[in-house]
Amino acid sequence: MSNINILWVDDEIDLLKPHIIFLEKKNYNVIPCQSGTEAIDLIEEQNFDIVFLDENMPGLTGLETLSAIKSIKGHIPIVMITKSEEEYIMEEAIGSKIADYLIKPVNPNQILLSLKKNLDHTRLVTEKTASNYQQEFRKIAMDLAMVNTFEEWSDLYQKLIYWEIQLETIDDPAMFDILKSQKNEANLAFGKFIDRNYADWCQQNKDAPIMSHNLFKEKVIPELNKDQPTLFIVIDNLRYDQWKAFEPVLQNYYKKEAETSYYSILPTATQYARNAIFSGLMPSEMERLHPNLWKNDIDEGGKNLHEDAFLGAQLKRLGLGHLTYEYTKISNLRAGKKLVETFKSKKDNDLTVVVYNFVDMLSHAKTEMEVVKELASNDKAYRSLTVSWFKNSPLLEIIQQAQQLGFKLIITTDHGTINVKHPSKVIGDRDTSLNLRYKTGRSLTYEQKEVLTAKNPHKIGLPAINMSSSFIFAKSDLFFAYPNNYNHYVNYYRNTYQHGGVSLEEVIIPFAVLNPR
């Protein structure tokens, strides 16, 4: 601790001798001075770890000295000490980004606590967080051995996300590696769980989670209210951890009424999962009931061009054709700004639906653009990038307007995404779909243990392009690669964000209901 240098500025510094002796016995190095002018000279000449600054001094006041020190070395934590409890002094000091605020007379333990809070904070938080996770690790490991229902999997995944976000704030790579290993183990077990249960869920042979095709009926419609407009936002490709990362930004405008998870259908890909949300149907039912709207993987043209029509058909089928609703898809910044300008006109709708594609574009751009690859090189960076985008996006402006207009807010997504690490070899004919996390086609050759297989697509609500078509879904963090030009392909796509397969990150996704503050 002897390398900690404290500058203590007080015009009555001699009266503080007992405090200084107390700190020196604790191995802190204290440099005393009696005026703001002297303090500024010392700050220019020496390096200090923290400054204790008296507010009420002759000559330069504490607030003036604070401002001068911040302009010279803005990073130094400054603890303001004052006799006065006047509110304006506190506000001035806090507005100038002080590290702490103490009222005289101070005792030595108060000073010590402030030092620990400001200088040892990172170490203490690291030790406590690591210790707490070590205790929780055993519990998660036991849960992992026992988990056997979709509710338990949702709870376990949210625990893993909680600890991932906690551990990313501390400097302990070993703990983070243990968590990553635990997540990998969880994903392998989750793949087996989905393999055992998914077909039965689709056939309604057993208790099933809320899934994409019944989300609107079961979760959105019960929230609709004639006396309050509802804004339903589907942020494409949003993982649960990304939602938890930017949720605090919303707290200034909305309070959360409920948060649950639901399960994306397979493939966890936009054309399947999002069309299922808006149609209220599984893909095979969409193909049968709406052949003019549904497109299969090998068909030409956009696969998500008819969500508005699907939604209208679902509302009619549910006897809600009388609802006034509008659907808007935002695919670029210009479209987002346009909706900001016109949003007030939506206040008379019962339901305003906004599909926001940015996160999807970001994750695909990561595959194509080296700059974005560097910005989102891992999950921590990807969360940070999402938060930065959200804070500066038209979407936040839309939400702010919705709050002012009294809208209920529902936020969800169609599926998540996973950072793929390991290739899995696959061989298919020229009509095989191109997605890296799932394939559909005839005569597929693949590593059986690395995939979930659907030899009869209709059993899981998927259309079969021809009689011998099957689907395969990559498990865990695998991605499909063809043997030809294998190494180039693998190097190009490894460590990119993909979706369509079976992982906790892609399948278990958030659904939140919020009311304006």
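Partly exposed means a relative accessible area between that of buried residues, under 20%, and that of exposed residues, over 50%. The legends below describe a predicted model.

**Figure 1. Arginine 317 in helix 13.** Arginine 317 belongs to helix 13, which covers residues 307–317. Its relative accessibility is 43%, so arginine 317 counts as partly exposed. Leaving out residues up to four places away in sequence, arginine 317 touches Ser279, Gly280 and Leu281. Between arginine 317 and glycine 280 there are 37 residues in sequence, while their C-alpha atoms are 9.5 Å apart in space.

**Figure 2. The pair of glutamate 307 and arginine 274.** A salt bridge joins glutamate 307 to arginine 274, with 2.7 Å between the closest N and O atoms. Glutamate 307 lies in helix 13 and arginine 274 in helix 11 (residues 270–279), so this pair ties together parts 33 residues apart in sequence. Both glutamate 307 and arginine 274 are buried.

**Figure 3. The pair of lysine 226 and aspartate 350.** Lysine 226 and aspartate 350 form a salt bridge whose closest N and O atoms are 3.1 Å apart. The pair links distant parts of the chain, 124 residues apart. Lysine 226 is in the loop between helix 9 (212–220) and strand 6 (230–235), and aspartate 350 is in the loop between helix 14 (333–342) and strand 9 (351–356). Lysine 226 counts as exposed because its relative accessibility is 60%, whereas aspartate 350 counts as buried at 10%.

**Figure 4. The pair of lysine 117 and aspartate 100.** In the salt bridge between lysine 117 and aspartate 100, the closest N and O atoms are 3.3 Å apart. Lysine 117 is in helix 5 (residues 108–119) and aspartate 100 in strand 5 (residues 100–103), so the pair ties together parts that are 17 residues apart in sequence. With a relative accessible area of 43%, lysine 117 is partly exposed. Aspartate 100, at 12% relative accessibility, counts as buried.

**Figure 5. A network of salt bridges.** Side chains of opposite charge can pair when their charged atoms come close. Here Glu164, Glu168, Lys183, Arg239, Asp241, Asp379, Arg383 and Glu505 are linked in a network of such salt bridges. The structure holds 28 salt bridges.

**Figure 6. Threonine 129 in helix 6.** Threonine 129 is placed in helix 6, which covers residues 121–146. Its relative accessible area is 8%, so threonine 129 is buried. Apart from neighbours within four places in sequence, threonine 129 is in contact with Trp163, Gln166, Leu167 and Ile170.

**Figure 7. A patch of negative charge.** On the surface, Glu38, Asp41, Glu44 and Glu45 gather in a patch of negative charge. One of these residues, aspartate 41, is in helix 2 (residues 36–45). Aspartate 41 counts as partly exposed because its relative accessibility is 38%.

**Figure 8. The protein as a setting for the close-ups.** The protein has 20 helices and 19 strands. Its C-alpha atoms fill a box of roughly 90 × 50 × 40 Å along the principal axes. Of the 517 residues, 53% are buried. Among contacts between residues at least 6 apart in sequence, 73% join residues at least 24 apart. The accessible surface is about 23700 Å², and carbon and sulfur atoms account for 50% of that surface. There are 58 positive and 68 negative side chains, with the centres of the two sets 7 Å apart.

Methods. Residues are numbered from 1 along each chain as its sequence is written. This is a predicted model: local features need pLDDT of at least 70, side-chain atom pairs count only at pLDDT 80 or more; totals for chains, interfaces and linings use all residues. Side-chain values use heavy atoms; hydrogens and water are left out. Patches are made of residues with over 30% relative accessible area and no salt bridge: like charges are joined within 9 Å, nonpolar side chains (Val, Leu, Ile, Met, Phe, Trp, Tyr) within 5 Å. Accessible areas come from the Shrake-Rupley method with a 1.4 Å probe; for residues, only the protein chains shown count as cover. A salt bridge is a side-chain nitrogen of Lys or Arg within 4 Å of a carboxyl oxygen of Asp or Glu. Lys and Arg count as positive and Asp and Glu as negative; His and the chain ends are not counted. The place of a charge is taken as NZ of Lys, CZ of Arg, CG of Asp or CD of Glu. Helices (H or I, at least four residues) and strands (E, at least two) are DSSP runs, numbered from the N terminus. Buried means under 20% relative accessible area, exposed over 50%, partly exposed in between (1.4 Å probe, protein chains only). Contact means heavy atoms within 4.5 Å.
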